[in-house]
Amino acid sequence: MTIFEDALKGITTLEMLQVAENEKINSKKVVKNISKGRIAIMKRDNFNPVGIGFPLRTKINVNLGTSSSTINIDEEFKKVEIAQKYGADTISDLSMGGDIDAIRRNILSISNLPLTTVPIYQAIIEADSASNVSEDLIFKVVEKQIKDGISSIVVHSGFTLETLNLMKGKRIMKIVSKGGSLTASIMKSAHMENPFLKNFEQLLELIKEHDIVINLGNAMRSGCIHDKVDGFQLAELKTNAKLAKTANKFGVQVILESLGGHIIAKDIINYVKLYKKLTNNRPLFVSGPLPIDTATGYDHIAAAIGGSFASGFGADYICAITPAEHLCLPSLEDIKEGLIACKIAAHVGDSMKFGLNHLFANDLELSKNRFSRNWKKQFEYCIDPTEPEKRHPVSEEMCSMCGAHCALSMSKKIL
Ligand code: SF4
């Protein structure tokens, strides 16, 4: 039986108990919300499972992996270490260069986080070109990746050939999802229908066998704020909402990627609410969203602002965007900066979702220690404890911002 099937029968599995304990919520609530499709658990043998959905802490994913033009495998492995060290909940291996099988297996061997892949990336590399990709190859790659022990796969199953034909000339940025454009290239060059949509039940059987999560990708996300959330995105969302129901009927857990890309801030709340309504509150994964287009070089900041709104209004899982977004493969420092920005966004989002609950215990302790100017303790409660020390050595009592006129020390004396 899968986790979803167990939950439907009211059975509490070890993974559900672990998620309830990690999140400090009642395990019955976890079981019930899984059975309704509102929580999905990403698991890996012998490691802590990660629950994604309401009412759980907003989770964070870090993308890493080689590209077809930049292959520095050791650096990608160091990114895994950074993701773990600074608190990512999951990682995604998006490798398209080098020995993709070996990279994935190595990542699994050095990390304890749930791992997601996008099998179409490897299928297109193995086939050499989009026109050579067959459905048989796609399914072989999916099976190979699942058997290696990944926790979830992303498929861009929510659009058809007809959608692609309708899009011509209508959008400034066309398709900006890599998995979506690869899938679209295969469909156009081979004149075939979306292979994941066409064979969705066959795919579910494979996924169910290994009880991993299916993540329904957001191929039609808007690539600039002037493309807005249009009919293509909404059609994909409706298709994915139907596919999510089918997946749950098969006993497979689902996460839907949506509302990623670029959306102006004032529209984020409406679209998150619409998403939750159309999907019966299923877990929502967003990349960004970027609320402006002109933050290039600082897109991690723009994404953190969009991500905090999205998570605050209901998104459950957000993807770290780095300062290298739109520019190049991120460096180690970029991965760290993107992850920390995303953690800040998720924490802000959680304060909007839940108010000051147990997730904000560190904020309280930090403030108490800030007031007493216990620098060492104060820094221990920071999201990134390594950064403050670079500016203020804990051995120095005086802070150079106000020097002798420190408001905290004056108010401590007079109040
Ligand atoms: S010196 Fe100023 S900035 Fe520094 S701790 Fe005191 S009040 Fe805060």
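## Domains

The protein chain of this predicted model is divided into domain 1 (3-354) and domain 2 (358-414), with bounds taken from an automatic or database domain assignment. The C-alpha centres of domain 1 and domain 2 lie 37 Å apart. Ten residues from domain 1 and five residues from domain 2 make up the contact, where two residues count as in contact if their C-beta atoms, placed from the backbone, lie within 7 Å. On the side of domain 1 that touches domain 2 there are four nonpolar, two polar and four charged residues. Here Ala, Val, Leu, Ile, Met, Phe, Trp, Tyr, Cys and Pro count as nonpolar, Asp, Glu, Lys and Arg as charged, and the others, Gly among them, as polar.

Residues are numbered from 1 along each chain as its sequence is written. Local features need pLDDT of at least 70 and side-chain atom pairs count only at pLDDT 80 or more, while totals for chains, interfaces and linings use all residues.

## Helices α14 and α15

Helix α14 (residues 299-313) packs against helix α15 (residues 332-354) at an angle of about 25°, and their axes are 7 Å apart. Helices are DSSP runs (H or I, at least four residues), numbered from the N terminus. Axes are lines fitted to C-alpha atoms over the stretch in contact, and angles run from 0 to 180 degrees between N-to-C directions. α14 and α15 are therefore roughly parallel to each other (angles under 35 degrees).

By class, the contact of α14 with α15 has ten nonpolar, seven polar and two charged residues.

## Ligand shell

Around the ligand are Cys399, Met401, Cys402, Cys406, Ala407 and Leu408, a residue being near a molecule if its C-beta atom, placed from the backbone, lies within 6 Å of it. This shell has six nonpolar, no polar and no charged residues.

Terms used: Helices (H or I, at least four residues) and strands (E, at least two) are DSSP runs, numbered from the N terminus. Angles under 35 degrees count as roughly parallel, over 145 as roughly antiparallel, 65 to 115 as roughly perpendicular and the rest as oblique.
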